[in-house]
2 protein chains.
Amino acid sequence: MATLRDLYSDEKTKGLDTNFGVDYVINYKIPQEGEFPFASLIEALTHVGLTTEVRRGDKSSVLVFIKIADKFLADQVYRSRLQDWLQGARTNTADKDLSQALRDEPVSDAERLRLVYLLMVKPKNEGGAGITPESGKWKHVASIFPLHNHSFNRQWIKRVSRKGQTDENDLDEIRDKFGESVAFYFAFMQTYFKFLVVPAAAGFGAWMFLGQFSWLYALVSCLWSVIFFEFWKQREVDLAVQWGVRGVSNIQHPRPQFEFERQAEDPITGEPVKIYSPIKRLQTQLLQIPFAAACIVVLGTLIVTCNSLEIFINEVYNGPFQSYLAFLPTVILVVMTPTFSTVLTKFATRLTEMENYETIDAHHAALVQKEFVLNFLTSYMALFFTTFVYLPFGDHLTPYLDFWRTTAQKITPKDVNFQTQEFSINPERISKQMFYFTVTAQVVNFATEVIVPYVKRQVFQEVREVQSKMSKEDSAAKIKDQPEEAAFLERVRNEAELETYDVTGDYREMVIQFGYLSLFSVAWPLTACCFLVNNWVEMRSDAVKIAISSRRPIPWRADSIGPWLNALGFLSWLGSITSASIVFLCRSAGKGDGPRGTPGSIQAWGLLLSILLSEHFYFGAQFVVRLVMKKLDSPGLQREKKERFMMKKRLLEENLGQGVSDQAATPGIEKTEMITMQALEDEARRISTQGHGGAEEAFWLRQRGMAETIQIGRNLISQSISGNTTKA
Amino acid sequence: MATLRDLYSDEKTKGLDTNFGVDYVINYKIPQEGEFPFASLIEALTHVGLTTEVRRGDKSSVLVFIKIADKFLADQVYRSRLQDWLQGARTNTADKDLSQALRDEPVSDAERLRLVYLLMVKPKNEGGAGITPESGKWKHVASIFPLHNHSFNRQWIKRVSRKGQTDENDLDEIRDKFGESVAFYFAFMQTYFKFLVVPAAAGFGAWMFLGQFSWLYALVSCLWSVIFFEFWKQREVDLAVQWGVRGVSNIQHPRPQFEFERQAEDPITGEPVKIYSPIKRLQTQLLQIPFAAACIVVLGTLIVTCNSLEIFINEVYNGPFQSYLAFLPTVILVVMTPTFSTVLTKFATRLTEMENYETIDAHHAALVQKEFVLNFLTSYMALFFTTFVYLPFGDHLTPYLDFWRTTAQKITPKDVNFQTQEFSINPERISKQMFYFTVTAQVVNFATEVIVPYVKRQVFQEVREVQSKMSKEDSAAKIKDQPEEAAFLERVRNEAELETYDVTGDYREMVIQFGYLSLFSVAWPLTACCFLVNNWVEMRSDAVKIAISSRRPIPWRADSIGPWLNALGFLSWLGSITSASIVFLCRSAGKGDGPRGTPGSIQAWGLLLSILLSEHFYFGAQFVVRLVMKKLDSPGLQREKKERFMMKKRLLEENLGQGVSDQAATPGIEKTEMITMQALEDEARRISTQGHGGAEEAFWLRQRGMAETIQIGRNLISQSISGNTTKA
């Protein structure tokens, strides 16, 4: 395993400097009993043109090393590019000459690894080996993973930690090594980080001069979120064009688990496709409604209970152990929320499987959507409770707090007499909560995401080494590694132990963060400043996470950030509503000095008006920003159009010759004059031979040629003029 | 001129049964003095390959008849189709073989006429004759128009009046004769008419059972407008694909009046394009804000004045001449509104010219947008005044009505004493107004649109015939028509006198009608029923208008209803707000039996909540409908995708041969097994000759071939198992 130290030291650490040309490693778990199709694995791989070598893995596995022959790779690349073109994901056809095509557009690591992976997992009828890790016939295939390119990783981590920012070149390199799917995450981070400077500055200003709950800050924040969202939508397209992946989301990989009802002909390609009744799927999808309701009830009850308990303990209860009891609600929350979340996530996964999607992308998007609902609830519900229940209607909470009081009285022994104090609303509560979510929670998150796995890994490695020594003593018969491979194999064994990197988790984190900013930052304007600091660390820790604490991801392609875009749009819209509500409610709650006897109806009137105005400000801003963005014409789209145009022109030239193609591009007639006379004569001959009809023939032959027409026209005109003159 | 009678009688009326093969007629006004470039007109036409004949026109014009030679037409068609393909408006390239291409896809009347027209008006550097009617050098060219195909018109009018509905075949025929631009209007009418049945039924039901201002009807109407709008958006695309015009809106015709500042290279085609600074244009566009404000002030003042005067006269004034005076406000409105509108429309036209758009479409869209603002104000402002001022705040109007009272008292002679009665709000007012707008106004409109021009034409024709007889007696020198052409020429002279048909006016009418339905129909649910009847007549009268009372339009292409789509969307959205407001306001105004002392704040609260709920119902419905529409996959888009795919596959086949193309479409490897061994050997040889590095070479050569790998793998596995067993 590579450690940060390994990557940083200039002396090449053993086993990290070369991959021995290995494309993929299969970690094959040795079954304890029964039949196992090891031979058929090797056969399947060899049949699709892959070279294999087998080595000892850890105690209970063997490692199969896989390489593709260059000749086959070229073939695969060419075929895949042609297919992309057919599906509309490429503007250029690959050159007819294979080696020329590869010279024009060299194969990146990511393309190579993607194609090799597809070759292994595609079904046999589509020319792949049909290996499905961890399922069915191939349940012993624990994982298939590419090896890290540690010399690149070393440079990358160094560059990232030295520079302030990821730039375009970095993104291109990330794309070449880890694929567009990961590169899009870093591009998003980069854009988001740059944009964060605006609300951070505005928030700092608001905090200094305007205080909490400022209308002005709310407007700026709303406008910012609209501009950011629209800008990113365009940037996404530009990047997709730059990376030549625009439209790849239309090329779908079928989900192996998909169960079909019948086969039909694809309306576009005419190939047979598998069909599952959309009505049936819709019926399953409708289960999402009770599921969402269940999530709201379960998590809502938990959060409301803990929050009201906390309010009771902190602001009402004044008896013994108050300072210890204050931690009780937090402890309950910290323990119970992940537990419930895990259970509900399992439900969500099961539900998504039941929805039986045809493609991996559709399945993934449906899952992300459900998880987003869960995350939304766990992340924001406490804040919603505070802003929409505690602050405006705190006074009405007293009866509910009485419940805790009686419960507390029942629980405590009769002889202990505890005190309660009068309850009063504390407007600082929301700021405290925001501080918790933006600072404490992010630090905790960093710890669980980076430090804990690191420590865990170190410990596990120690344990494994000890075990391995023991087992070596145990079975002396064990084959020893070849000395020149030993370091490399040790490193591969360690990489096999690492966790898979899933970019979804990182996106989720950023989107939820964007949500705090958009929904609640009026309550604590320093939010964006904290996120700015956090994300500076995050970008580095994410790089370390991919390079060191995870197996190298399969470099999938992507042409956008996928379902997260909708989530961003939703949060941005919802922000316009919550911000207005928070500002209105908390401003009126803050004016607690005066009599609080203002009629509820006037409050409702103001609240609704605030929401209405704010939401229409949001829509208006969106309309204007979109209009401006459209006028500015995205460079990516322009480039794409140009490529399409050039490709077509080239095709015309090839098929019809230079001249026709030029004429079509710029229509111009130069040679007509000579021909006209002849054509007219032809026409006349045609008419006279066909005898099309005396009157028509006569009509067109009355004036023969241009000169006669002009002459007769002049006569008519002068007659008319003279006629008029005579009359006058 | 054709009359309805001519078209209906089965015996062929003279002059209507043949067009003598004429494509276009140029009406050339004879100048009273100075130089006139008649010769250069004929030369310009002949040079681009057109045959000409000249005949006497009316007293002050000559008629130039134009025909294209078939050979040139084929060339033009081929070139234009290639260009469409280059610009992305066609999926198929035209066949290499010209005559084959024309056989595969025959040239419709509309295509022929469009290309001939373009040939005449395109600038010289683009291969046209550069004729710009009524401006510059060509100011004597009063009009260029194609001749009606009266035998088609006869059948069309007959079919339309006999059948209940226009069907797909009719649309295709309209498209073939009048071009897609007109065909889209009839397609829109057809869809709109069919959809109208729903709100008509719902409205009738509501009127019978629920009365005015029903929540339920408002919801149904809102949902209907969303579904109609989204459905039409898809239908538009389907039609565009079916007619092969999808994307033609990207092929822009330059506006001859456009003034450019500098030239630059087109980023896509690399050709020189003319540029006008968008900043300058934006500055001019900002003038739209004062323009809109001026429109609101001018038309608003007029409408508010007349409305309050009308209220005063009808509901307060009780003195002499009341029954005559009641017409006064209407008369003022009827006289002043068109006057002001005309002035403001001139401003709008001037403003649009100053905005200096590059293309005809952009110019047209900008003009339509401004006119829509004007139409919006003149059509809906009176109703807005009633619903948002008169009904809710009628009580507060009393002081303003006092103004009229004092004015009336000042005007009337002292001895006439007139009475006023107590003012009270009359909720029936809005229904009366709606009745006026949906019935009276539509009837008046029909009269001005169809009957008045018809009568005018008849009278003018009589006058002209008398004049012509007189002038014949006057100047006996006048050339007489050839007897076999006389009827035809007389008919052409009449057609030259007709007005140009502009589809914009018809669209405007329908969109404004849709607005009444969407914005105010809750106030009078029978609205849709009236429109249903009206549109049944409208469809027929529009057909008659095109076929008889207008010159045949230039058959332009279009791929949508253009700027009207946005207007529809806007009205549909605004409808969700006004309907909710009307229902809420009028329901509370209607509850006049109880004390009207309910506090204004509660009303405001309810009003805002109604608007908020209704608008979100609208957005929700839109979201769901769009989702469903997307799932349903438009047949047009599917067809387009299929055509693209097939075209690409064909190209691959032509360039690379059948085999490769099949492989790319369905990637499959069949022949690898034999090659694998050889490739591996090649690879091994390559490594050993290049000496790529001892360790790597050794790594991959340790197990030679599949069999060895399997053997060694099995050994490793069995050792591991036995090791475990020993331990256990």
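## A tour of rings and a patch

Start by selecting H8(A) in this predicted model: H8(A) gives the largest share of the nonpolar patch, 5 residues. Two helices of chain A, H8 (180–210) and H9 (215–242), each supply at least two of the patch residues. Zoom in on Trp207(A), which sits in helix H8 of chain A; its relative accessibility is 41%, so Trp207(A) counts as partly exposed.

Colour by helix here, because Tyr185(B) belongs to helix H8 (residues 180–210) of chain B and Tyr507(B) to helix H18 (residues 503–520) of chain B, so the pair ties together parts 322 residues apart in sequence. Both Tyr185(B) and Tyr507(B) are buried.

For a stacked pair, pick Trp224(B) and Phe228(B), with 5.6 Å centre to centre and 5° between the planes. These two are 4 residues apart in helix H9 (residues 215–242) of chain B, so about one helical turn separates them. Are they buried or exposed? Trp224(B) has 6% relative accessibility and counts as buried; Phe228(B), at 1%, is buried too.

Finish with charges over rings. In chain B, Arg540(B) lies over the face of Trp536(B), 3.8 Å from the ring centre. Then select Lys177(A), which lies over the face of Phe152(A) at 5.6 Å from the ring centre.

Methods:
Residues are numbered from 1 along each chain as its sequence is written. Chains are lettered from A and ligands numbered from 1 in the order in which they are written. This is a predicted model: local features need pLDDT of at least 70, side-chain atom pairs count only at pLDDT 80 or more; totals for chains, interfaces and linings use all residues. Side-chain values use heavy atoms; hydrogens and water are left out. Buried means under 20% relative accessible area, exposed over 50%, partly exposed in between (1.4 Å probe, protein chains only). Rings of Phe, Tyr and Trp (its six-membered ring) pair if their centres lie within 6.5 Å; planes under 30 degrees apart count as stacked, over 60 as edge-to-face and the rest as tilted. A charge sits over a ring if NZ of Lys or CZ of Arg is within 6 Å of the ring centre and within 35 degrees of the ring normal.
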